[in-house]
Amino acid sequence: MILILFISQLLLSAAQPDILSCTQVLELRNKLRNDPSVIELASTDYGNIVHDKPKAVLYPSSIEDISSLIKSSYNCANPFSIATRGAGHSIRGQDMTENGVVVAMTKLNNGGRHGVVVSKSPLFADVGGEQLWIDVLNATLQEGYAPVSWTDYLYLSVGGTLSNAGISGQTFRFGPQISNVYELDVVTGKGELITCSGNKNSELFFGVLGGLGQFGVITRARIALAPAPKRVKWTRVLYTEFSTFTKDQESLIAISGRKERNGVDYLEGGILLDNGTPNAWSTSFFPPSDVPKILSLVKEHGIVYYIEMAKHYTDLTEIAAKKELEHTIKDLNFIQGFMFETDVSYVEFLTRVDIGPLNNETHPWLNLMIPRSRVSEFDSGVIRDILLKRNITTGPILFYPMNRNKWDHRMSAPTPDEDIFYTLALLVSGTVDDWQVLDDQNKAILKFLDNFCIETKQYLAHYTNKEGWMKNFGSKWATFQARKAEFDPKMILSPGQRIFN
């Protein structure tokens with residue numbers, strides 16, 4: 001056994017002498033992997049477009065392992081880059097590093113030292129950064145609670161979504177996931193483990209939330225909780241007029257949460273094109289018997305818009321929830337005869353999205369935040385002129401509003417400078433042979449926005465130069481740079497974002 005370990009260390013040392021010469025903590029040698037299958041996994045993400053091969057992958061068994069790795073690089077004459085990988089659902093290689101080390105965060109879960117711990121007084125959950133949101137849901141539900149803000153897909157890591165923002169249909173009401181964090185433990189680019197919050201080490205706290213992994217590795221997050229509902233009344237209504245569609249969405253986010261009106265708990269909008277299917281990507285919602293008439297409507301108009309809303313309830317609040325939803329729907333101006341309803345458990349609703357295995361697919365997704373004042377131009381110039389005419393969209397298209405006052409401007413995540421803005425999620429799928437056609441469509445959209453001076457922000461952003469990043473962060477860029485210089489001065493972390501590297 002000793003001989004095998006010695007030989008494996010020699011092979012690893014021969015494969016990456018630069019990294020190991022900097023790694024002064026000898027125990028890490030046994031946790032650095034470079035066998036082909038491990039390297040291949042770390043050089044492929046859900047996008048399946050970028051493939052950067054690391055020299056090694058760290059399988060940490062403790063937070064101290066992550067700290068030791070970063071310190072080793074920081075103290076090295078020639079620092080090596082380090083990327084953290086959660087569930088691997090980045091789309092442009094954001095969790096990769098060429099010739100550096102990838103930290104396989106989910107391996108922390110194997111030791112059983114980290115997880116989800118619920119506190120009832122005060123109410124919160126301490127969650128390991130490596131945890132998946134589905135595991136957070138299951139653990140908190142056992143105590144009768146749940147987080148209030150989610151992503152559409154729950155098999156994502158806590159650290160990963162908090163490094164971006166974490167958005168879904170609850171964002172208009174509760175804010176993104178980063179607005180529902182009380183405290184963090186972060187390993188900085190110097191290898192220091194720091195506890196931070198809005199009142200303690202606040203520059204690090206606000207920087208890390210939405211900071212794309214540039215300032216540190218999130219190892220623990222204290223998440224806001226609320227009593228968990230049991231079931232969900234889930235409704236979709238259809239529109240053929242864009243202006244009516246957006247007006248109704250904005251009325252819905254305006255009434256929700258008022259004292260006199262509780263409104264809905266979840267709101268998203270979407271777009272059905274003549275070349276698509278109404279049940280794409282997510283668990284089938286539209287009744288099979290109604291699909292032909294929906295497709296006929298889409299065929300007639302080329303584009304149909306839909307609003308998807310949900311109202312949560314418990315055994316004690318079911319009647320009130322039903323009345324509130326009926327009252328809300330009564331004020332909407334959707335196409336009569338095109339309302340579809342179902343009633344599901346809270347877990348069924350939150351796990352409604354199943355994106356499936358990667359296989360041979362690629363996902364050149366484009367996610368944008370669009371100021372409310374320019375959405376009509378966006379509809380005519382992008383949705384109707386580019387997407388509909390090119391007729392190559394294969395996947396769901398989401399389009400729904402958010403309230404800017406639910407975002408904390410001190411955090412790194414940028415948003416348009418208007419009270420209401422819309423998010424477009426163009427969640428297309430291609431193959432390894434044709435993804436460039438879909439990417440050309442993305443470029444055409446971005447060119448249109450640039451030509452007409454529509455100042456959008458990219459979510460899950462991808463830029464090939466610093467100028468793009470500077471424009472995306474806008475007024476936050478100077479602060480972003482300063483935080484990088486303070487917390488990761490040798491630019492070790494998250495090279496796959498291609499911001500400073």
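This is a predicted model: local features need pLDDT of at least 70, side-chain atom pairs count only at pLDDT 80 or more; totals for chains, interfaces and linings use all residues.
**Entry 1: the open sheet**

I began with an open sheet of 4 strands, ordered β1-β2-β4-β3, with mixed pairing. Its edge strands are β1 (32-33) and β3 (82-85), each of which pairs on one side only. For my own notes, helices (H or I, at least four residues) and strands (E, at least two) are DSSP runs numbered from the N terminus. Two strands count as paired if DSSP finds at least two bridges between them.

Residues are numbered from 1 along each chain as its sequence is written, and side-chain values use heavy atoms, with hydrogens and water left out.

Next I looked inside the sheet. Strand β2 (residues 56-58) runs parallel to strand β4 (residues 101-104), and the two pair over 3 bridges. There I found V57 opposite V102 of β4.

**Entry 2: a hairpin**

I then turned to strands β5 (residues 116-120) and β6 (residues 123-128), which pair in the antiparallel sense over 5 bridges. A hairpin of 2 residues joins β5 to β6. V117 stands opposite D126 in β6, and I kept D126 in mind for the next entry.

**Entry 3: salt bridges**

I looked up the total and found 30 salt bridges. The term stands for a side-chain nitrogen of Lys or Arg within 4 Å of a carboxyl oxygen of Asp or Glu.

K31 and D65 form one of them, at 2.7 Å from N to O. K31 sits in the loop between α2 (17-22) and β1, while D65 belongs to helix α4 (residues 63-74), so the pair links distant parts of the chain, 34 residues apart. D65 is buried, at a relative accessible area of 8%; buried means under 20%, exposed over 50%, and partly exposed in between (1.4 Å probe, protein chains only).K233 and E318 also pair, with their closest N and O atoms 3.8 Å apart. K233 counts as buried at 14% relative accessibility, whereas E318 is partly exposed at 34%.

I also checked D408 and R410, whose closest N and O atoms are 2.8 Å apart in a salt bridge. R410 is partly exposed, with 41% relative accessibility.

Last, I came back to D126: salt bridges with shared partners join D126, E183, D185, R220 and R222 into one network.
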